Amino acid sequence: MKEILKKAEKLGCKIPHKKWSDIDREVAPVLREMEKAGIKIDVSALKRLEKKLSIKVSGIEKKIYKLAGREFNISSPGQLSEVLFSKLKLPTEDLRRIKTGISTSASELEKLKDKHKIIPAILEYRELSKLLSTYLEPLPTLVDGDSRLHTHFGQDTRTTRLTSSEPNLQNIPIKGERGPEIRQAFIAEKGNKLISADYSQIELRVVACLAQDEVMLEAFSRGEDIHAKTASELFRIPVSKVDHDHRRLAKTVNFGIVYGISPFGLSQALGIARESAAEYIFRYFDIHRGIKRYCKEQIALAKKYGYVETLFGFRRKLPEINSENKMVAESAERMAINTPVQGTAAEILKLAMIELHRKLKSEIRMSKSETNPKFECRNPKLLLTVHDELVVEAPAAKAKKVAKLVKEVMENEVKLCVPVEVEVGIGGNWDSAKKNVIK
DNA sequence: ACAATGGTCC
DNA sequence: ACTCGGACCATTGTA
């Protein structure tokens, strides 16, 4: 990794001279303060939503029993499988097999969506009962006297990514019709705003830099839409002819690259044939020679030294890369590709957190004259970290200034050989903060 | 208490 | 016949 650092600095990157252990030591007290601060919850809004959805779910439950011809435990994959495939005799040919029988996962049930009215009902039941049991029911019981929720941050021992537990605030729903409704219950204290700042494609930028992939470096440097660019390469059409479906497929391929792509994995993610997936991968590597070289190199390094490392020198041991079992070895190969990318992205975020924490204290906090003594105006505080996002709470009067600082620090604390771009928004709740992006 | 299954996020 | 990387958590069903 030393060589990459040297080369990177020559290319005008700014990489702090720190080891992963320095970063961890410095980020720990920041995380402790974030845990202590917590995030405010609109408890009554969550409870209202809980009521609404639990009524809805019992209606769906009845409907499912009626369609099935009898009552059973819908949450039990075993019982559900019995009803769908033995009683209702739905076709099982192209469904995935698991240890205990036939899979009833959402991605498999999707294939049966048009075969029977019970399928959409089950999917909706699953969705709603998930939200109820994982978020809407537990969260209100976990708030403190100020209606604030305090998570516990930890760190993944293999990639150095930060984790969140009891409760996990890194998997709060965002998609679908219910995601935003739940996020609207994560609010700022009266007189304050929430600021949400997101890195844009940080992992792809990291891999472009680590791999020195010419095509990708060029695209990012020009500020192009990277997924559309990839789509135009894969389908051999100009970017202007790229439609929504092209782009969606290319996006999945790009994710696949970061994860250590395989034809099987990609085919499953896209729901297409293995051969087609293999063809896309072939085309991708044919154009992105740097990425291809990087993948080969990481696997070779893991085999030679028994580990791979991040930009800041964190090592992940991968003894299984020499396994006789091909599947086990291939899994280790994907980790050899993914870990430096995911780990480096995590380190960049932590460095930004450390610096932001310092600046929020020294720069913003001093300007007392701006605060209105009539309102309860707290100092700006880091609250959450969600892998490529930071959530900050700040007095409304300072929100814009703080938001600009957050963006500036995240974009410049580490400079890669491509621009690091951050989207930042301000709102009264987490949902609106993410949507209300400032210029 | 633990494995298996399923589902939410980045 | 086969998992695209990394978490945390709920429920069911068996030990």
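This is a predicted model: local features need pLDDT of at least 70, side-chain atom pairs count only at pLDDT 80 or more; totals for chains, interfaces and linings use all residues.
Glu355 is buried, with a relative accessibility of 12% (buried means under 20% relative accessible area, exposed over 50%, and partly exposed in between, using a 1.4 Å probe and protein chains only). Residues are numbered from 1 along each chain as its sequence is written, chains are lettered from A and ligands numbered from 1 in the order in which they are written, and side-chain values use heavy atoms, with hydrogens and water left out.

**Salt bridges**

- Side chains of opposite charge can pair when their charged atoms come close.
- Glu355 and Arg358 form a salt bridge, with their closest N and O atoms 2.9 Å apart (a salt bridge is a side-chain nitrogen of Lys or Arg within 4 Å of a carboxyl oxygen of Asp or Glu).
- These two residues are about one helical turn apart because they sit 3 residues from each other in helix 15 (residues 326–364); helices (H or I, at least four residues) and strands (E, at least two) are DSSP runs, numbered from the N terminus.
- By this rule, the count comes to 28 salt bridges.
- Glu189 and Lys40 make a salt bridge at 3.5 Å, N to O.
- That pair links distant parts of the chain, 149 residues apart: Glu189 is in the loop between strand 7 (186–187) and strand 8 (192–199), and Lys40 is in strand 1 (residues 39–41).
- Both Glu189 and Lys40 are buried.

**A buried arginine**

- Arg316 lies in strand 10 (residues 315–317).
- Arg316 is buried yet has no salt bridge, and the nearest side chain of opposite charge, Asp156, is 6.0 Å away (Lys and Arg count as positive and Asp and Glu as negative, while His and the chain ends are not counted).
- Asp156 does form a salt bridge with Arg158, at 3.9 Å between the closest N and O atoms.
- Arg158 is partly exposed, with a relative accessible area of 47%.
- Leaving aside neighbours within four places in sequence, the residues in contact with Arg316 include Arg158, Tyr307 and Met335 (contact means heavy atoms within 4.5 Å).

- Most residues other than glycine have a negative phi, and most peptide bonds are trans.
- Lys89 has a positive phi, near 55 degrees, and is found in the loop between helix 4 (77–87) and strand 2 (97–98).
- Lys89 is exposed, at 67% relative accessibility.
- Thr160 also has a positive phi, about 70 degrees, but Thr160 is buried at 2% relative accessibility.
- Glu166 and Pro167 are joined by a cis peptide bond, with omega about 0 degrees.

- Chain A is divided into domain 1 (2–42 + 147–202 + 346–438), domain 2 (45–139) and domain 3 (204–328), with bounds that come from an automatic or database domain assignment.
- Domain 1 and domain 2 bury about 1000 Å² between them, 70% of it on carbon and sulfur atoms (buried area is the accessible area, with a 1.4 Å probe, that two parts lose on being put together, summed over both).
- On the domain 1 side, Asp42, Arg178 and Ile182 lose the most area to domain 2, together 50% of what that side buries.
- Between domain 1 and domain 2 the count is 1 salt bridge.
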